[in-house]
Amino acid sequence: MKSEPPRIRTEVQVMFFDTDCGGVVSNIAYLRFIEIARTLLAEKLGLPLAEMVTTQRYPVVVRTEIDYRRAAKLGDRLVIDGWLDDLQRARFWCAFRITRAPDEVLIAECRQTMALIEMPAAKLLPLPEDWEKYRAHPDLA
């Protein structure tokens, strides 16, 4: 049975600590925005933060690709859309799109390769069986 892959949408406002002295968002701040979205997406995938501490199972970033399209600035309200983009046996991909809220200008696009590990041994885990329902969905790459 196919299921719609999870998607999330969240908003952030660019703060002083996100910017350089010219009021332009620093590269590292975009990754923080994506981290917020990825955490919300993990919850939708059945990986709640509070349970991670108990189970010692964590989604970890293996690779990040990000394309900066336009600069965001101090005070901008940004929308971050995130979705499950692809699945393999032990890896999965999440994709993100950051736009400026009022005019929907594309600010950045990101794709991350992820894996599940069990701590403290950092043992690579297969993806949860219940994620199979997303594999055959046409929206999944």
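1. Let's start with aspartate 81, which is found in strand β3 (residues 77-87); strands here are DSSP runs of E with at least two residues, and helices are runs of H or I with at least four, numbered from the N terminus. Aspartate 81 counts as buried because its relative accessibility is 14% (buried is under 20% relative accessible area, exposed over 50%, partly exposed in between, with a 1.4 Å probe and protein chains only).

2. A word on the source: this is a predicted model, where local features need pLDDT of at least 70, side-chain atom pairs count only at pLDDT 80 or more, and totals for chains, interfaces and linings use all residues. Residues are numbered from 1 along each chain as its sequence is written, and side-chain values use heavy atoms, leaving out hydrogens and water.

3. Back to the neighbours of aspartate 81: leaving aside residues up to four places away in sequence, Ile8, Arg9, Ala95, Phe96 and Arg97 touch this residue (contact means heavy atoms within 4.5 Å).

4. Now the cysteines. The disulfide count is zero, with a disulfide taken as a pair of cysteine sulfur atoms within 2.5 Å. For cysteine 110, the nearest cysteine sulfur belongs to cysteine 94, 9.3 Å away. Cysteine 110 counts as buried because its relative accessibility is 6%, whereas cysteine 21, at 89%, counts as exposed.

5. Finally, tryptophan 131: not counting residues up to four places away in sequence, this side of the story involves Leu45, Leu47, Leu87 and Phe92, which tryptophan 131 touches.
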